[in-house]
Amino acid sequence: MRLWKEVSAKEMARYLALSILMGIARLPTMRMYWQTSRLWHMRTFNVFMTAKRFQHIAQFFHTYNQFAIPPNNKNRMITLSTIITYLTNKFGSYYVPNQALSLDEGTMSWRGRLSFKVYNPNKPDKYGVKLYMLAEAGTGYIIDFEVYAGVGKTTVETVMGLMRPLLNKGYHLYMDNYYNSVHLTELLRENGVYTCGTLRLQRGAPKELQQLAKGKFAVDQTIFRRKDNTFVILWKDKRVVSVITNCHNADTQEVQRRKRVKKRDGTSSVQIVTVNKPTAICDYNNNMKGVDHFDQMVKYYRFTRKSHKWTKKITFYFLQMAIHNAYVMYKMYTTDAKKLTLLQFHEVAIWALLRWDMDEWPATESPLPHADDYQDPSHDLATPGPSGARRPLFHRLPRQPHASSSSDTEPETETPAPQAEATPPPVKNPRVVDSEDRLNRKLTHALVKIAKRKRCRVCMKSGIRKDSMYQCRTCGVALCATPCYTKYHRKRIFWKAKK
């Protein structure tokens with residue numbers, strides 16, 4: 001903290017450029033990028049920024065004003081609200097998607113502690129933060145997205161929220177059976193959106209079809225029921241496939257596919273057979289790849305590195321999303337005879353950020369909205385609050401008036417200089433405030449056993465991850481029995497400096 005200095009726009013541009021470059025030239029640790037006289041030495045990192053400065057910026061990198069978080073905040077996504085609003089507005093205003101859209105969920109890999117971390121065995125990144133993504137079916141351009149934060153929203157509310165800017169424009173939306181239902185299909189049709197996708201039959205399908213799906217019928221057979229322009233179709237392949245659509249009918253088309261046939265001698269052979277597949281299923285298979293295509297593209301040069309702060313990692317995931325969308329727009333609107341590859345596009349973006357100049361990048365619009373500081377005169381930010389409340393623990397010093405702005409007629413007593421006690425002493429971990437009574441030997445400090453393990457205060461400030469089943473009865477702080485309990489109550493500076 002004592003070595004910190006303000007970050008300029010040029011430094012931030014270089015920090016982002018070097019972070020993107022780490023996704024192309026991947027090394028096991030971040031420190032290796034600045035090591036010289038090594039096989040993996042890359043001169044670019046030493047030229048544009050020192051390792052210590054890069055680590056300082058990475059340590060305090062955030063996208064929201066921490067002083068604007070109220071003490072009783074319950075919005076888990078408040079620290080990402082600014083960048084999410086900015087990107088979703090840009091994604092929807094800079095590009096007009098084609099008719100076919102796909103809605104699916106993606107996962108940002110995260111294996112740390114997080115209350116709304118999900119497990120999805122069908123995704124490449126099984127543990128992580130889930131996002132609902134609305135993408136263009138052909139290119140994978142992300143039109144809108146929403147981060148799942150454990151809030152109790154129904155699938156109908158999620159789909160309608162993502163499709164709100166595109167209602168009454170005749171788009172075709174393809175979804176899987178996680179979202180689809182008869183009610184949602186009819187609701188979207190009333191708002192000018194046609195839908196197609198697989199369906200769980202218990203979500204409004206006719207009872208007759210639900211009974212037929214449980215029984216047996218011939219392979220390559222199609223059964224459907226219709227209500228106005230909405231079709232519920234059953235088709236038997238290896239198993240029964242149920243589809244709901246209002247932008248197709250029950251027509252079928254001949255499709256060739258491979259089929260493994262077993263012979264009497266125990267061997268098998270692959271044959272090409274022709275089946276009659278419903279047109280709705282064929283279009284669903286072709287147009288449901290938008291989000292999967294985006295996941296494939298961002299994994300080629302992924303620069304989301306392991307971090308202790310999930311907000312930082314998901315912010316870099318949003319930047320990957322922005323680079324992918326920019327590349328889709330480049331391929332769509334460029335007039336170059338030979339288009340850039342994805343790697344060349346990354347190189348152009350990196351060099352543009354490394355050579356960032358205010359004159360070449362003029363501000364063409366108003367800056368990002370900055371959240372105002374939370375003002376509550378009856379609440380002291382330095383005191384511990386209720387369980388689960390998150391608030392900044394730093395006091396902001398009042399800005400000093402300039403000498404030229406003070407009037408000669410005003411007495412000096414009206415503008416007293418701030419006292420030295422207003423500046424909080426630097427601490428190892430600013431998120432934790434220790435009581436002054438911990439060094440008071442007149443109090444009866446004693447170790448007591450607790451039901452649930454907590455992180456040891458001394459180990460935490462020393463950079464060690466260790467939990468303890470004991471805490472001080474007077475201080476209410478979790479501590480190891482030895483030697484952390486003695487250090488905490490006897491030493492003014494009880495933590496061990498990191499090397």
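Guide: The largest nonpolar core in this predicted model has 48 residues, and the members that touch the most others are Met133, Phe145, Val159, Met163, Leu173, Phe318 and Met321. Phe145 shows how such a member is placed. With neighbours up to four places away in sequence left out, Phe145 is in contact with Ile84, Thr88, Phe91, Leu131, Tyr132, Met133, Leu162, Phe318 and Met321. Three of these contacts, Met133, Phe318 and Met321, are also among the core members that touch the most others. A separate second core has 31 residues, including Ala17, Leu27, Ile323 and Leu353. In soluble globular proteins, nonpolar side chains tend to be buried together.

Val159 and Met163, both named for the largest core, belong to helix H5, which spans residues 155-163. The buried residues of H5 are Val156, Thr158, Val159, Met160, Leu162 and Met163. Among the elements that cover them are strands S1, S3, S4 (142-147) and S5, together with helix H6.

Strand S5 covers residues 172-175 and contains His172. His172 has a relative accessibility of 17%, and because the limit for buried is under 20%, His172 counts as buried. Beyond four places in sequence, His172 touches Gln99, Ala100, Leu101, Tyr194 and Cys247.

Helix H6, another of the elements covering H5, contains Glu190. Glu190 is exposed, with a relative accessible area of 64%. The C-alpha atom of Glu190 is separated by 9.4 Å from that of Leu167, and the two residues are 23 apart along the chain.

Next, the empty space. Rolling a probe the size of a water molecule over the atoms shows where such space is left. There are two cavities of 30 Å³ or more in the structure. The largest holds about 90 Å³ of space, and its lining consists of Met297, Val298, Tyr301, Phe303, Gln320, Ile323, His324, Leu342 and His346. Ile323 from this lining is also a member of the second core. Three helices, H9 (290-298), H10 (310-333) and H11 (342-354), each supply at least two lining residues. H10 gives the largest share, with three. By type, the lining has six nonpolar and three polar residues and no charged ones.

The second largest cavity has a volume of about 40 Å³. Thr107, Lys123, Pro124, Asp125, Asp295 and Lys299 line this cavity. Four of its lining residues are charged, one is nonpolar and one is polar.

Lys123 leads from that lining to the charged pairs. The structure has 11 salt bridges, and one of them joins the side chains of Lys123 and Asp104 at 3.9 Å, N to O. The pair links distant parts of the chain, 19 residues apart: Lys123 is in the loop between strand S2 (118-119) and strand S3 (127-136), and Asp104 is in strand S1 (residues 100-109). Lys123 counts as buried at 11% relative accessibility. Asp104 is buried as well, with a relative accessible area of 9%.

Glu186 and Lys227 form another salt bridge between their side chains, at 3.5 Å, N to O. Glu186 is partly exposed, with a relative accessible area of 29%, whereas Lys227 counts as exposed at 53% relative accessibility.

A further salt bridge joins Arg257 and Asp237, whose closest N and O atoms are 3.0 Å apart. Here too the pair links distant parts of the chain: Arg257 is in strand S10 (residues 252-262), and Asp237, 20 residues apart from it, is in the loop between strand S8 (230-236) and strand S9 (240-245). At 24% relative accessibility, Arg257 counts as partly exposed.

Note on methods
Residues numbered from 1 in each chain as written. Predicted model: local features only at pLDDT ≥ 70, side-chain atom pairs only at ≥ 80, totals over all residues. Heavy atoms only, no water. 1 Å grid on protein atoms, 1.4 Å probe; cavity = no way out; pocket = protein on both sides within 12 Å on 5 of 7 lines; lining within 4 Å. Points joined across faces, edges and corners; volume = space filled by probe spheres on them. Helix = DSSP H or I, 4+ residues; strand = E, 2+ residues; numbered from the N terminus. Nonpolar A, V, L, I, M, F, W, Y, C, P; charged D, E, K, R; others polar. Core = buried A, V, L, I, M, F, W, Y, C linked by side-chain atoms within 4.5 Å. Buried < 20%, exposed > 50% of the residue type's maximum accessible area, 1.4 Å probe, protein only. Contact = heavy atoms within 4.5 Å. Salt bridge = Lys/Arg side-chain N within 4 Å of Asp/Glu carboxyl O.
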